[in-house]
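Visitor: I am new to reading protein models. Could you walk me through a few features, one at a time?

Guide: Gladly. Let us look at it together.

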Amino acid sequence: TILILDFGSQYSHLITRRCRELNVYAELMPCTQKIKDLGWKPNGVILSGSPYSVYDSDSPHVDPDVFELDVPILGICYGLQEIAWNLGGTVAKCDHREYGSARIQINKFGSDRASVDALFEGLGDEMEVWMSHGDQLAAPPPDFHIIGHTKSAPYAAIAHNAKPLYGIQFHPEVTHSPRGKEVISRFVRNICGCKTDWTMEEFVGKEIARIREICGETGRVIGAVSGGVDSTVAAKLMHEAIGDRFHAIMVDNGVLRRDEAAQVNVMLNKDLGVNLTIVDASDLFLSRLEGVEDPEQKRKIIGNTFIHVFEAEAAKLDSAEVDKGKIEWLLQGTLYPDVIESISFKGPSATIKTHHNVGGLLEDMRLKLIEPLRELFKDEVRALGRLLSIPASLVQRHPFPGPGLAIRILGPVTRAQVQILQQADAIYLEEIRAAGLYERISQAFAVLLPVRAVGVMGDRRTYEQVVALRAVQSEDFMTADWFVFPPDILRRISSRITNEIAGINRVTYDITSKPPGTVEWL
Ligand code: XMP
């Protein structure tokens with residue numbers, strides 16, 4: 001296992017992901033973690049980047065015991081400066097903040113000047129790397145030597161003369177460092193000697209055994225499903241572990257995609273054999289949403305109504321099937337990024353938008369929580385889904401927000417507006433799939449704008465609504481780029497939407513990246 005100590009960099013979770021992709025188990029902890037309280041010994045430690053400067057009065061510092069663990073340590077960016085700060089090097093502000101691509105030259109050693117450090121073994125003489133820093137090393141600590149340099153950073157990569165201690169200025173964890181993953185591989189596999197036994201094949205057996213042990217012979221579990229990847233994989237895993245003692249509930253909140261509830265029923269219940277109840281509560285949700293325009297208000301109403309409907313359904317199930325024992329557990333499809341979010345070191349970055357999902361369910365229900373996916377990243381959940389024979393079309397599904405179409409209708413939500421947006425969404429995704437682009441896009445959806453535009457149809461002027469189309473590519477949804485469609489596909493989508501949907505006479509395409517935009521419009 002690799003221990004990743006997080007100093008609040010926006011990339012910290014990516015370090016964890018890269019290790020996992022290399023089949024090496026890695027866990028992220030805040031940089032304030034005391035080594036003596038860890039309870040396990042890592043095979044190696046990675047120190048992340050940070051928005052801080054090591055000399056700031058309030059800057060975070062690692063427990064010095066980490067250097068006593070006697071395992072390899074790799075410092076990335078701030079992590080490098082932290083090693084220098086602890087071991088007697090000096091760090092200085094750069095004249096300009098360096099942000100973007102750079103080329104690192106890999107230093108050669110030995111009498112024939114042919115060998116390179118183990119960290120860069122087999123990576124050639126130079127490589128493209130991603131830099132993002134305001135400070136850099138001005139002098140390495142004693143007993144360190146330089147293993148790589150760039151034009152502006154003479155100490156871009158350093159290593160200890162005798163111990164496996166490394167520091168690199170660049171970010172190997174981001175995809176803008178094309179060979180970064182290989183650098184991480186050299187560290188975790190070759191230098192730390194970690195086992196490459198983190199695979200979903202290994203995980204699934206262990207997790208099913210763990211669920212069976214937790215639930216015992218009679219424990220019953222309920223869980224909400226949405227038709228999304230996480231809840232479907234979690235539900236199928238529970239079904240594999242405890243069969244019909246798991247019961248899934250899907251709440252139709254009136255702002256789902258077209259035919260979503262019926263499709264989930266076919267897939268989860270008929271095809272995958274999971275016990276499922278679908279509750280149509282669309283009237284209740286839509287009546288509570290009447291006249292509401294504020295997005296946070298919409299999220300709150302949908303979240304609270306969901307809890308209310310779910311609890312009532314769970315109570316019904318509990319009393320209807322008393323002979324089967326009480327429901328003791330609530331399944332949640334929590335993923336590792338949510339766990340990271342709650343444990344990672346909070347730098348100065350603040351929450352930008354609140355995402356209300358099913359939080360709050362537990363306090364009232366007195367159910368114990370079971371979270372079989374809490375160690376997994378999304379791509380691992382997808383791999384697990386494939387292993388559990390969940391259809392590929394579902395495993396690759398784009399995310400869909402809990403508050404659904406309500407946050408994609410920019411004005412008040414009515415059944416008529418929902419139906420217009422459902423049609424636009426269906427046409428848009430159908431064409432994206434037909435063009436074979438669905439898997440290249442991370443998320444695509446239509447937004448119904450609260451404005452009217454003039455158009456012409458036949459020889460009549462029309463005055464109708466506008467749809468905006470959004471499609472983004474993103475690794476983690478923290479940042480995103482808009483997707484470049486071939487023009488003929490946009491043309492076909494636009495013409496189908498305006499021809500087939502009464503009430504829409506104009507289609508626009510959103511060309512805003514995140515930041516400064518967000519993925520959703522609300
Ligand atoms: P933003 O709009 O914040 O979206 O850039 C990032 C990702 O989060 C999803 N999203 C939500 N998901 N409840 C959810 O379950 C919400 O209230 C919510 N708001 C945004 C969004 O679809 C994208 O995948």
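Guide: Start with one residue and its contacts. Setting aside neighbours within four places in sequence, Thr232 is in contact with Gly227, Met267, Leu268, Leu272, Ile390 and Leu394. Keep in mind that this is a predicted model.

Visitor: Is Thr232 buried or exposed?

Guide: Buried means under 20% relative accessible area. Thr232 has 1% relative accessibility, so it counts as buried.

Visitor: Where does Thr232 lie?

Guide: Thr232 lies in helix H5. Ser231 is found in helix H5 too.

Visitor: What is Ser231 in contact with, leaving aside its neighbours within four places in sequence?

Guide: Ser231 is in contact with Ala224, Val225 and Ser226. Ser231 is buried, because its relative accessible area is 12%.

Visitor: Which residues does the UniProt annotation "binding site" cover?

Guide: That label comes from an unreviewed UniProt entry. Treat it with care: annotations may be inferred rather than shown by experiment.

Visitor: Where is Gly228 found?

Guide: Gly228 sits in the loop between strand E10 (220–224) and helix H5 (229–242). Gly228 has 23% relative accessibility, so it counts as partly exposed.

Visitor: Let us turn to charged pairs. How many salt bridges does the structure hold?

Guide: To read one, look for a side-chain nitrogen of Lys or Arg within 4 Å of a carboxyl oxygen of Asp or Glu. The structure holds 29 salt bridges. In one of them, the side chains of Lys93 and Asp135 meet, at 3.1 Å from N to O. This pair links distant parts of the chain. Lys93 is in strand E5 (residues 90–106), Asp135 is in strand E6 (residues 126–139), and they are 42 residues apart.

Visitor: Are Lys93 and Asp135 buried or exposed?

Guide: Take them in turn. Lys93 is exposed, with a relative accessible area of 60%. Asp135 is buried, at 6% relative accessibility.

Visitor: Which residue forms a salt bridge with Arg492?

Guide: Glu431 does, and the closest N and O atoms are 3.0 Å apart. Here too, the pair links distant parts of the chain. Arg492 is in helix H14 (residues 487–500), Glu431 is in helix H13 (residues 415–434), and 61 residues separate them. Arg492 is partly exposed, with a relative accessible area of 38%. Glu431, at 9%, counts as buried.

Visitor: Which residues are linked in a network of salt bridges?

Guide: Arg17, Arg18, Glu21, Lys181, Asp379 and Glu475 are linked in such a network.

Visitor: Next, cysteines. How many disulfides does the structure hold?

Guide: A disulfide is a covalent bond between the sulfur atoms of two cysteines. The structure holds zero disulfides. Take Cys192: the nearest cysteine sulfur, that of Cys194, is 5.0 Å away. A disulfide needs the two sulfur atoms within 2.5 Å, so look for that spacing when you check a pair. Cys192 is buried, at 12% relative accessibility. Cys215 is buried as well, with a relative accessible area of 5%.

Visitor: Last, the surface. Which residues make a nonpolar surface patch?

Guide: Trp482, Val484 and Ile511 make one of about 300 Å². Trp482 lies in strand E17 (residues 481–482). Trp482 is partly exposed, with a relative accessible area of 32%.

Terms used. Residues are numbered from 1 along each chain as its sequence is written. This is a predicted model: local features need pLDDT of at least 70, side-chain atom pairs count only at pLDDT 80 or more; totals for chains, interfaces and linings use all residues. Side-chain values use heavy atoms; hydrogens and water are left out. Buried means under 20% relative accessible area, exposed over 50%, partly exposed in between (1.4 Å probe, protein chains only). Patches are made of residues with over 30% relative accessible area and no salt bridge: like charges are joined within 9 Å, nonpolar side chains (Val, Leu, Ile, Met, Phe, Trp, Tyr) within 5 Å. Accessible areas come from the Shrake-Rupley method with a 1.4 Å probe; for residues, only the protein chains shown count as cover. Helices (H or I, at least four residues) and strands (E, at least two) are DSSP runs, numbered from the N terminus. Contact means heavy atoms within 4.5 Å.
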